[in-house]
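Please open the structure in a viewer and keep the selection tool at hand.

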Amino acid sequence: MAEATPSGSSGPLAPLEPATDGDMRIRGGVGGIRFQLEELIAGAAELEGLADELAAVEIGVRRIWEELCPYQYEPRPSGTAALIAVGEGGQSVRAVREELQHLSSQVRASRRDYEEAEARAATGVPQPQDGWAFLPLLFVDLTQSNFLSRDAAEALAPPLSLGLALGIAPKELSLALAAEMAAGREFSAIGPLIRRLAEGSFPMLKPRQVTAVEELTRDVAVDTSPAGLLARLRELDADGHGRIEVVQVENGGRRAFVVIIPGTQPGEPPGGSNPLDEAGIAEALGYGSEHVNAAVLSALHQAGAVKGDQVVAVGYSQGGAHAMNLSSDRAFLAEFDLNYVLTAGSPVGGITPQPGIPSLHLEHRQDWVPGSDGTLNPDTRDRVTVTLTGREVTPPGEDPGLGPGHKLANYEAGAKAVSASENSSLAASTAVLAGVLGAGGTGTATRFALNREPLATPASKPGPPPSGAAKWVAR
């Protein structure tokens, strides 16, 4: 990221770089750059107010000086000395006023520079001073992994990486993208592209109604830390085929519910009965999880949640995108008080939550999936993104899956580091989660099977009517 060097200033105010803590790079939150700039902007407004007051004082001093001008020929103690004193006082007031205005302009220029840097990063445009430094981002380590890095996926190849995630064959995707280009369409915006693909060449990606069927309810021990919640998610993910979990916990006499949504479960072919298959990614990134959100709402009601109850949403990979979409779903938010969203390895940069909903996003430097939507996670007070930078390698003989950085176990370890960190953004974020769920203990977990309605088969065209029928119609 660029440094904040306001136009016309003598040097940078401060480096606009994410905070680091060990193998974690931290953006957003109360210690984030944008929040600090917002605080500075508030201070700049106060400085400008003081400068305005001093400008009024300047005018008053000038008026007094002009009124004293006729006395400049009087004896020095009563004439010239008084005139000089008032004039010097006016100069001092002007100097202070100009300094306040200069400081205010530096702060505002710093914010503009930061926003321009963020805009360049969000569109994947390398910053001029970087030259060709972005090329090493293409592959993290060719000797160990042939997977794109997170930054490379975000900056250079969103449609291609998304096509891989959606289970579309490269040849078919190439033809579809060629048709998009021939039609003069812009396909850097992932959501509209997905909708056009689903409405055209790939109808199996178009979302369909999803139902939630209760399967099992049991009492469980609940670890409410970020790592503990991801551990529950890992257990659920291993259970397979379209299952989500709703966990009820008690915190100081008030109950809260945790919705846990696993990652993508490949279907044969995509678009089958499991709404968490590859077509589920299309619903999450192209349609705001419309039908999955409705199923989650139903599952919460079946688990005993009532209007106004507190909810925490937790998701991995595709599941994190569904979880984050709850934060912008007005129907869901009208029913429940969504207090926190935790995601791991999820492309959520393009999802804009309603104001005041805190979220924590875990990503890995070697994980291309969080970057597959081509959008950088916003840096806001309520939104904290942690990028894990430690090197990961797939053990010999183990299935690499979507790459070593995308392993849920790695994110679980990263979540433990988050809880142990003294970084102000992370401490504030985990404190919010603890405030909603408490310290953990015993809870009630209910598992649900999500089922997508069958894909409608095209109606066959009617053939010519029998000859007898034709004669009957003719009569």
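**Stop 1: a hairpin**

Select strands E4 and E5, which form a hairpin with two residues between them; in the turn, Gly252 has a positive phi of about 60°. Helices (H or I, at least four residues) and strands (E, at least two) are DSSP runs, numbered from the N terminus. This is a predicted model, in which local features need pLDDT of at least 70, side-chain atom pairs count only at pLDDT 80 or more, and totals for chains, interfaces and linings use all residues. Residues are numbered from 1 along each chain as its sequence is written, and side-chain values use heavy atoms, with hydrogens and water left out.

**Stop 2: the neighbours of E4**

Two strands pair if DSSP finds at least two bridges between them. E4 and E5 are antiparallel and share seven bridges. E4 also runs antiparallel to E10, to which six bridges join it.

Seven of the nine residues of E4 are buried, so the strand is largely enclosed by the rest of the structure. Here, buried means under 20% relative accessible area, exposed over 50%, and partly exposed in between (1.4 Å probe, protein chains only).

**Stop 3**

Select Arg232 and Glu245, whose side chains meet in a salt bridge (3.0 Å, N to O). Because Arg232 lies in helix H7 (residues 226-239) and Glu245 in strand E4 (residues 243-251), the pair ties together parts that are 13 residues apart in sequence. Both Arg232 and Glu245 are buried. A salt bridge is a side-chain nitrogen of Lys or Arg within 4 Å of a carboxyl oxygen of Asp or Glu.

Now widen the selection to Glu215, Arg218, Arg232, Glu235, Asp239, Arg243, Glu245 and Arg447, which a network of salt bridges links. The structure holds 12 salt bridges.

**Stop 4: a link between distant parts**

Select Asp277 and Arg452, which form a salt bridge through their side chains (3.0 Å, N to O). This pair links distant parts of the chain, 175 residues apart: Asp277 is in the loop between strand E5 (254-261) and helix H8 (278-286), and Arg452 is in strand E10 (residues 441-452). Asp277 is buried at 1% relative accessible area, and Arg452 is buried at 6%.

**Stop 5: a partly exposed pair**

Finally, select Glu398 and Lys407, a salt bridge whose closest N and O atoms are 3.9 Å apart. Glu398 is partly exposed, at 41% relative accessible area, and Lys407 is partly exposed at 25%.
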